[in-house]
Amino acid sequence: MLNISDQDFTRLVNFVKSNYGIDLSKKRQLITSRLSSTVSGMGYKDFTGYVDHIVSKKSGKDNEIMLNKLTTNYTYFYREKTHFDFFRDTILPYIVEKKSKNRVMSIWSAGCSSGEEPYTITMLIKEFLGSQASSWDTRILATDISHNVLSKAKAGLYEEESLRELPPEWKRRYFTPVKGSPGTYEVSKALRSNVIYRTFNLMSPIQFKLKFDVIFCRNVMIYFDQDTKEALVNRFYQASDPGAYLLIGHSESLNKERTPYEYIMPATYRKTEGVI
């Protein structure tokens, strides 16, 4: 394993923080353990040339490989079930009543990783709306900074282990076993057509056409420092409709004194109705 000098560590940390919002200031061991093979594989004898390359590129495949190695994309269907139960029992009835005239839901899966979250949301919507689903525009915006995980999400192929928390009937209804690949399942076209995947850096201005009814941003801000997190949450707030919900990871929290959102319960926040 290669060592990284103080200077190179600082340069890399500052670059990643300013461009992607990810705070690696306490992750020196992580950087060396996860990137040493990449650095050597690219022909560099130390981190200096590699950091020069990353900083000069500012984007592209090598930067994405770096981000994928330094962040964890572990997820599965129906992860953190209490959120999805609350979405089904409280948020969906609210949206259906509020949007009964135009019948358009605006939901964002921010940091969607390999697609399990937006597909789970879609299944919940379809089950809730039943025969009325076809009369609603329920398309979900799903974004991630990584082209790699978005490609996996679009492909819609998952191992059986990832489906372990789903009700058995959902597995039968929305997934098909892949022939010649035991233990692999393909997402139905009905689910795939309901999700719009886009590459998006959460450090960028949020300028989507519609205000959101719900934003899922779960287990993403664990990589951000407090200032970066608060700035992102403020952008989420401005991009949300009055009464909209923000759901974050259960290992995350917002400063109740500083966030504009109303605290509902752990990892669940809401924009006050009537606030523009």
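Predicted model: local features only at pLDDT ≥ 70, side-chain atom pairs only at ≥ 80, totals over all residues.
Residues are numbered from 1 along each chain as its sequence is written, and side-chain values use heavy atoms, with hydrogens and water left out. Local features need pLDDT of at least 70 and side-chain atom pairs count only at pLDDT 80 or more, whereas totals for chains, interfaces and linings use all residues.

**The cores**

Select Ile31, Met66, Trp108, Phe236 and Leu246, the residues with the most contacts inside the largest nonpolar core, which has 44 residues. A nonpolar core is a set of buried Ala, Val, Leu, Ile, Met, Phe, Trp, Tyr and Cys residues joined through side-chain atoms within 4.5 Å; buried means under 20% relative accessible area, exposed over 50%, and partly exposed in between (1.4 Å probe, protein chains only). Among the elements that each supply at least two residues of this core are helix 1 (6–20), helix 2 (28–41), strand 7 (212–217) and strand 8 (240–248). Helices (H or I, at least four residues) and strands (E, at least two) are DSSP runs, numbered from the N terminus. Helix 1 gives the largest share, six residues.

Leaving aside residues up to four places away in sequence, Ile31 touches Ile4, Phe9, Leu12, Val13, Leu24, Ser36, Phe47 and Leu70, a contact being heavy atoms within 4.5 Å.

**Strand 1 and the cysteines**

Move to Ala110, in strand 1 (residues 107–110), which counts as buried at 0% relative accessibility. Beyond four places in sequence, its contacts include Thr143, Leu202, Phe216, Cys217 and Phe236. A C-alpha to C-alpha distance drawn from Ala110 to Arg198 reads 9.9 Å, across 88 residues of sequence.

Now select Cys112 and Cys217. The structure holds zero disulfides, a disulfide being a pair of cysteine sulfur atoms within 2.5 Å. For Cys112, the nearest cysteine sulfur is that of Cys217, 11 Å away. Cys112 is buried at a relative accessible area of 2%, and Cys217 is buried at 0%.

**Two loop residues**

Arg103 lies in the loop between helix 5 (81–98) and strand 1. Although not a glycine, Arg103 has a positive phi of about 55 degrees, and it is partly exposed, with a relative accessible area of 28%. Ser113, in the loop between strand 1 and helix 6 (116–129), also has a positive phi of about 55 degrees without being a glycine; Ser113 counts as buried at 9% relative accessibility.

On a 1 Å grid over the protein atoms alone, a cavity is a set of points where a 1.4 Å probe fits but cannot get out, and a pocket is an open set with protein on both sides within 12 Å along at least five of seven lines; lining residues have an atom within 4 Å of a point. Points are joined across faces, edges and corners, and a volume is the space filled by probe spheres set on them.

Select Arg139, Leu141, Ile196, Lys209 and Leu210, which lie nearest the centre of the second largest pocket, lined by 14 residues. Strand 2 (140–144) and strand 6 (195–199) each give two or more residues to that lining. The volume of this pocket is about 340 Å³.

Finish at the largest cavity, which holds about 70 Å³ of space. Its lining includes Gln226, Lys229, Asn255 and Arg258.
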